[in-house]
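Student: I have a structure open and want to go through it. Can we start with the ligand?
Tutor: Fine, here it is.

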Amino acid sequence: MVRSIDWVDGKVVILDQTKLPFDVSYIPCDDYRTVAECIRTLRVRGAPAIGIAAAMGIALACQNVTARTYRQLRSALEPVFGEMLSTRPTAVNIRWAVERMKRLLSNHRHLPVEDLKELAIEESRRIRDEDIAVNRAIGQWGAQFIKDGDTILTHCNAGSLATGGYGTATAPLLVARDQGKRIRVIASETRPLLQGARLTAWELAQEEIPVSIVTDNSAGWLLHRGEIDLVIVGTDRTVRNGDVANKIGTYSLAVLCRENKVPFYVAAPLSSIDFSIPSGEHIPLEERSPEEVTTVLGRCPIAPPGVPARNIAFDVTPHRYITAIITERGAFRPKDIKKLARSVPVDDIRMRA
Ligand code: MRU
């Protein structure tokens, strides 16, 4: 299992995903600003992984603060919370992680600052470890939708690299494989930063799961020809009515699945669900630099100089196109996701394949 981020010897160590698959190199961060910059530049990316990075960045900042009281520590951390929240707007996991770190410190405010610093490190590691356990549960629930011989398409990268480990959308694939099902995976390349081609294909090849790459615009034709049995993607933010924000291109895939009667699943840990937002139009969607579109990975220009480009990083898939949302607590119809925010017995709403 690939590790995208870790806490080693007082530093946050980040696997530089912009260099994959050709170069496996790590960035040791000893300052929270370096962690924030790694999130901004997608050296660490994927909703759960950037939540973990934000938590570890906060733990790092704690170590570097000179404070004698909880109050001094909290006020020194205020700009750190702000910096983490400003890195990328769409994935709710950053806010989720910041809130969790704030809550931890506040719940232990009576302790000496040195103890709080230690607790912050432990909590950020716990967030990472819990994420792996959550992903394994998503895998168990999700594998029921995969049959022996299926071909599954996934978009972008919602694998180990995008999480603490094991992945969200890739977890059902790993479990299905371990159950002895013979599966094939198609990774859509994911213009412009090629997370599907560079990262998902790399991860699955290491797992020895048969994987091939297609251009993003091939997916519709393959769905039409019956060459894809199901689609599973991850999410950066799923909201109360079951609308899902994910990598740009997800919406088109979901609509094409409906047209071709192919099931469309979203793997969503609870840390990616924002119950405070009623529907998808309220989700902030990141737009990135046009150069990511007019060049290949910032290197080779592919457009006439001076022609403007738009680089919309995420889209929103309306809940009506989604067959099921797979969480660590079970698979749910999108309309039932809101019930997870309340104390409704999940067995009453969980769906079976
Ligand atoms: O821009 P990225 O690479 O961070 O986008 C990532 C995605 O869209 C993933 O599908 C999503 O974060 C889920 S990762 C488990």
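Student: By class, how many nonpolar, polar and charged residues does the shell around the ligand have?
Tutor: The shell has seven nonpolar, seven polar and four charged residues. Ala, Val, Leu, Ile, Met, Phe, Trp, Tyr, Cys and Pro count as nonpolar, Asp, Glu, Lys and Arg as charged, and the others, Gly among them, as polar. This is a predicted model, where local features need pLDDT of at least 70 and side-chain atom pairs count only at pLDDT 80 or more, while totals for chains, interfaces and linings use all residues. Residues are numbered from 1 along each chain as its sequence is written, and side-chain values use heavy atoms, with hydrogens and water left out.

Student: Which residues come nearest to the ligand?
Tutor: Of the 18 residues around it, R45, R88, Q195, N246 and K247 come nearest. A residue is near if one of its heavy atoms lies within 4 Å.

Student: What are the distances from R88, Q195 and K247 to oxygen atoms of the ligand?
Tutor: A polar side-chain atom of R88 lies 2.7 Å from a ligand oxygen atom. For Q195 the distance is 2.8 Å, and for K247 it is 2.7 Å. A polar contact is a pair of N or O atoms within 3.5 Å.

Student: And how much of the ligand does the protein cover?
Tutor: The protein covers 99% of the 410 Å² of accessible area that the ligand has on its own. That area comes from the Shrake-Rupley method with a 1.4 Å probe.

Student: Which elements give two or more residues to the shell?
Tutor: They are α2 (47-64) and β9 (244-247). Helices (H or I, at least four residues) and strands (E, at least two) are DSSP runs, numbered from the N terminus.

Student: What about phi of D9?
Tutor: It is near 50°, a positive value in a residue other than glycine. Most residues other than glycine have a negative phi.

Definitions and conventions:
Polar contact = N/O pair within 3.5 Å; in protein donor to acceptor, adjacent residues only side chain to side chain.
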